[in-house]
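This report describes parts of one protein chain. Please look at the sequence and the structure before reading on.

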Amino acid sequence: EDDEDDEEEDDDGATTDATADETEDDEDVLEEPRIRYDRVRHDLVEILRVDAASCLAAHEKFLAMGTHWGVVQILDHQGNRVREFPAHSTTVNAVSIDENGDYVASCSDDGNVVINGLYSTDHNTKSAHDFPVRSVALDPLFGRRRDRRYVVGGSDQLILHERSLFGLR
C-alpha cells in the first residue's frame with residue numbers, strides 16, 4: 001500500500017514515482033545567496049541631516065558622495081568623513097574615481113568639472129563648460145598617465161579632455 005501512495009498515474013496512464021520526481025526538482029532549485037550588509041553611519045548621519053546625497057561612487061578604499069549643495073564628501077566604508085571638497089555652486093550630478101583611488105572627479109549643472117587629488121594637489125583641475133555637465137568619467141589610469149584623460153557629457157555632447165604638451169585640449 002505504501003508503494004501505491006508514491007506512484008501517480010499521468011494522463012497517458014503511465015505510472016511514475018512521485019518521490020523520485022520531487023527529489024530531482026529539489027536538486028534543480030538553487031538556494032538564494034545570503035547577503036551580509038552593514039548600515040553606513042558615523043559622520044554620514046550628520047552630513048545627511050543638513051544635505052542630501054545626489055550621487056555616489058564606490059572604491060575599495062573609500063566612498064565619494066556628491067551632494068545637492070555642491071559638495072563632494074570622501075568617506076571611509078564606515079561613514080567617517082575623510083575629506084570634503086566644496087566643489088560646485090549647485091547639485092553634483094556625478095562623481096568618478098580613478099583605478100588607484102588617487103583622484104576624484106565631479107560635475108554639476110553649474111558647468112564645472114572639478115578633479116581633486118586625494119594625496120596631492122599637483123594635478124587638481126577645474127574646467128568650465130557653457131552647458132550643464134551631467135556626467136564625468138576619469139580614465140582608470142588617470143593618475144599614472146601624463147595625458148590625464150577624462151570624459152564629460154551633457155547637453156547632447158560628449159567631450160574627451162586630455163592634457164597635451166601645451167595644456168588641455
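Threonine 125 lies in strand 10, which covers residues 125-128; strands here are DSSP runs of E with at least two residues, numbered from the N terminus. Threonine 125 counts as buried because its relative accessibility is 10%, where buried means under 20% relative accessible area with a 1.4 Å probe, protein chains only. The side chain of threonine 125 reaches the backbone oxygen of histidine 123 at 3.1 Å.

The model is predicted: local features need pLDDT of at least 70, side-chain atom pairs count only at pLDDT 80 or more, and totals for chains, interfaces and linings use all residues. Residues are numbered from 1 along each chain as its sequence is written, and side-chain values use heavy atoms, with hydrogens and water left out.

An open sheet is formed by 3 strands in the order 11-12-13, with antiparallel pairing. Two strands pair if DSSP finds at least two bridges between them. Strands 11 and 13 are the edge strands, and each pairs on one side only. Strands 12 and 13 pair in the antiparallel sense over 5 bridges, and valine 152 stands opposite isoleucine 159 in strand 13.

| Strand | Residues |
|---|---|
| Strand 11 | 135-138 |
| Strand 12 | 150-154 |
| Strand 13 | 157-161 |

The predictor's confidence in each residue is given by pLDDT, from 0 to 100. The protein chain has a mean pLDDT of 82, and 79% of its residues reach 70 or more. Over residues 1-7, pLDDT stays under 50, and the model has 6 contacts beyond four places in sequence for them; contact means heavy atoms within 4.5 Å.

How values were computed:
Helices (H or I, at least four residues) and strands (E, at least two) are DSSP runs, numbered from the N terminus. Buried means under 20% relative accessible area, exposed over 50%, partly exposed in between (1.4 Å probe, protein chains only). A polar contact is a pair of N or O atoms within 3.5 Å; within protein, one must be able to donate a hydrogen and the other to accept it, and residues adjacent in sequence count only if both atoms are side-chain atoms.
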